Amino acid sequence: NWVVTLPSNNANGEGGTIQAGDYGKGDTATLYVYSDQGNVGDISKASKELVETVLKRSIGQRGDNMYQNFKITKLEPGTDSYLKGQNYVLADFKYQLLTGAGFEVDRKGVASLTSEGGAIEALWAASTSVRYKKTEPALRDIVKSFRCYAEGINFADDLYVVDE
């Protein structure tokens, strides 16, 4: 039931959001590229403040007044197998979404961040706090599958060569 949303124009200008979600249930995954910092090299050694800035900017793309009480609850280096020593960091977080109707919705999520090319790239996925226990395994699978390749992928060494 997830729907993909691509960048569009709205009252705030162009929204560069690439997102997928089951919006009726409050589940979402969003790709965000933070270029203000440039490449930081080993993202697993980045400060908690930098990770927090990236995630806040991602969540607040439509305005800083759309959320409150953001907090990173866990930060750890990615441990999955990555190509050529790439570094990722996983962040668990929570915040309150402020809806246009005046409601506050408690949300929890998880994000995977890396720094390839000239930016920090993040894929984060979140759900309502009420649904998070049920959705957490799927949201973690989504962000753990995230990979960025600044130079592309070269599988030339992995190709099978048949002797004639």
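I will begin with how the model is to be read and then turn to the chain itself.

This is a predicted model, in which local features need pLDDT of at least 70 and side-chain atom pairs count only at pLDDT 80 or more, while totals for chains, interfaces and linings use all residues. Residues are numbered from 1 along each chain as its sequence is written, and side-chain values use heavy atoms, with hydrogens and water left out.

The chain holds two helices and nine strands, which are DSSP runs numbered from the N terminus (helices H or I, at least four residues; strands E, at least two), and along the sequence they follow the pattern β-β-β-β-β-α-β-β-β-β-α. Of the 164 residues, 38% are buried, meaning under 20% relative accessible area with a 1.4 Å probe and protein chains only.

Now to helix α1, residues 48-59: its twelve residues should span 16 Å at 1.5 Å a residue, and the end C-alpha atoms are 16 Å apart, which agrees, the expected span being 1.5 Å times one less than the number of residues. Which residues of α1 are buried? They are Leu-50, Val-51, Val-54, Leu-55, Ser-58 and Ile-59, and because they cover an arc of only 170° around the axis, they lie on the same side of α1, the arc being that of the directions from the helix axis to the C-beta atoms. Their cover includes β5 (27-34), β6 (67-77), β7 (88-98), β8 (104-114) and β9 (120-128).

Finally, Arg-140 sits in helix α2, residues 129-144, and counts as buried because its relative accessibility is 18%. Leaving aside neighbours within four places in sequence, Arg-140 is in contact (heavy atoms within 4.5 Å) with Asp-92, Val-110 and Tyr-132.

Notes:
Buried < 20%, exposed > 50% of the residue type's maximum accessible area, 1.4 Å probe, protein only.
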